Amino acid sequence: MKRLLIIGIGAGDPDHLTFQAAKAIAAADAFLVVDKGEAKHDLAGLRHDLIAAHGRHPYRVVEARDPERDRDASAYTAAVEDWRSRRARIYESFVTGELADGQTGAILVWGDPGVYDSTLAALEEVEAEFECEVVPGISSVSALTARHRVGLTRVGRPVHITTGRRLAAEGATADDVLVMLDAHCAFAEAGDGYHIYWGAYLGTPDEILVSGPVAEVAEEIRAVRAEARARKGWIMDTYLLRRESPART
Ligand SMILES: C[S@@+](CC[C@H](N)C(=O)[O-])C[C@H]1O[C@@H](n2cnc3c(N)ncnc32)[C@H](O)[C@@H]1O
């Protein structure tokens, strides 16, 4: 049987890698590294560095280019599903073409494979026989709350995890809202009474942290974000919105 390891590598700091993840990297015969193009080359760079540091020779590195997603499509979900199916074909040819029976392949996933990542869903579409194991990683959520020295959850209270797209469409529907994948600073419309803990490039030398009442820091975040994005060509940021006096019990 072929084996595939889906390894969470943390959110940008090489020291986020867990001992379990390092052992999994050492166990792989071949790695699939999917490159998202020039702008996000640094992200593939971390994967290559971790393989070089923890891989056990002889191993092979197979590179593939991430399929383009139709960002103009009016139906967002359909565009993502189409992209995921094309990703699945890449995984399928890795499993069928690069791994012999008894061999172990690995895919290094940013952050934690269980948090807003399509790898596991795409693997369900792969038509090949293999065993799959998932190694958890430090997510950008954990990195964010640790760097701001705040808890993700307050005592006995829920937290809502969502995307910038949904926050923009629905507004803040809870007292504690963790937002990822926000390209348009949806926090600015969160409403009164929210405090924001914002972080970009968490765990990397470019890390930026800003926190404060949304009404007071929204413009600062917008400006810092636009400048950093223009300078680096890409940005990844995430934030926690927290209502100071919870409305719900
Ligand atoms: C496709 S999701 C991947 C999430 C990842 N699996 C995780 O566990 O963090 C990408 C989003 O994660 C967040 N993110 C990932 N790494 C980050 C980092 N180093 N700093 C800030 N946000 C990050 C951003 O919201 C980004 O848009």
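This is a predicted model: local features need pLDDT of at least 70, side-chain atom pairs count only at pLDDT 80 or more; totals for chains, interfaces and linings use all residues.

User: Why is Y201 called buried?

Analyst: A residue is buried if 20 or more other C-beta atoms lie within 10 Å of its own, exposed if 12 or fewer, and partly exposed in between, with C-beta atoms placed from the backbone. Y201 has 20 other C-beta atoms within 10 Å, and therefore it is buried. Y201 lies in the loop between β8 and β9. Its phi is positive, about 50 degrees, although Y201 is not a glycine.

User: What makes R149 exposed?

Analyst: R149 has 8 C-beta neighbours inside 10 Å, so it counts as exposed. R149 is found in the loop between α5 (140-148) and β6. Here too there is a positive phi, of about 55 degrees, in a residue that is not a glycine.

User: Why is R166 described as partly exposed?

Analyst: R166 has 16 other C-beta atoms within 10 Å, so it is partly exposed. R166 belongs to helix α6 (residues 164-170). Between the C-alpha atoms of R166 and S118 there are 18 Å in space, and the two are 48 residues apart in sequence.

User: How do you know that the buried residues of α1 line one face of the helix?

Analyst: Helices (H or I, at least four residues) and strands (E, at least two) are DSSP runs, numbered from the N terminus. In helix α1, residues 19-26, the buried residues are A21, A24 and I25. Seen down the axis of α1, they fall within an arc of 100 degrees, so they line one face. The arc is that of the directions from the helix axis to the C-beta atoms. On the face turned away from the buried side, α1 carries the exposed residues F19 and A26.

User: What is the order of the open sheet with parallel pairing, and which strands stand at its edges?

Analyst: Two strands pair if DSSP finds at least two bridges between them. The parallel sheet has five strands in the order β3-β2-β4-β1-β5. β3 and β5 (131-135) each have a single partner strand, so they stand at the edges and one side of each is left without a neighbour in the sheet. Neighbouring strands are turned by 25 degrees against each other on average, direction ignored. For such angles, axes are lines fitted to C-alpha atoms, for helices over the stretch in contact, and angles run from 0 to 180 degrees between N-to-C directions. Within this sheet, β1 (residues 3-8) and β4 (residues 104-109) run parallel and are joined by six bridges. R3 stands opposite T104 in β4.

User: Which strands make up the sheet with mixed pairing, and what makes two of them edge strands?

Analyst: This open sheet consists of five strands in the order β6-β7-β10-β8-β9. β6 (160-163) and β9 (208-213) are the edge strands, as each pairs on one side only. The twist from one strand to the next averages 15 degrees. β8 and β10 run antiparallel over seven bridges, with Y194 partnered by R243 and I196 by L241. β7 (residues 176-180) also pairs with β10 in the antiparallel sense, over four bridges, and V179 stands opposite Y239.

User: Why is β10 said to be largely enclosed?

Analyst: Six of the seven residues of β10 are buried, so this strand is largely enclosed by the rest of the structure.

User: How do you know that the ligand lies between the two domains?

Analyst: Domain 1 (3-138) and domain 2 (141-243) both give residues to the shell around the ligand, so it lies between them. The domain bounds come from an automatic or database domain assignment. The ligand is surrounded by 20 residues, the closest being G111, S139, S140, M180 and L202.

Definitions and conventions: Residues are numbered from 1 along each chain as its sequence is written. A residue is near a molecule or strand if its C-beta atom, placed from the backbone, lies within 6 Å of it.
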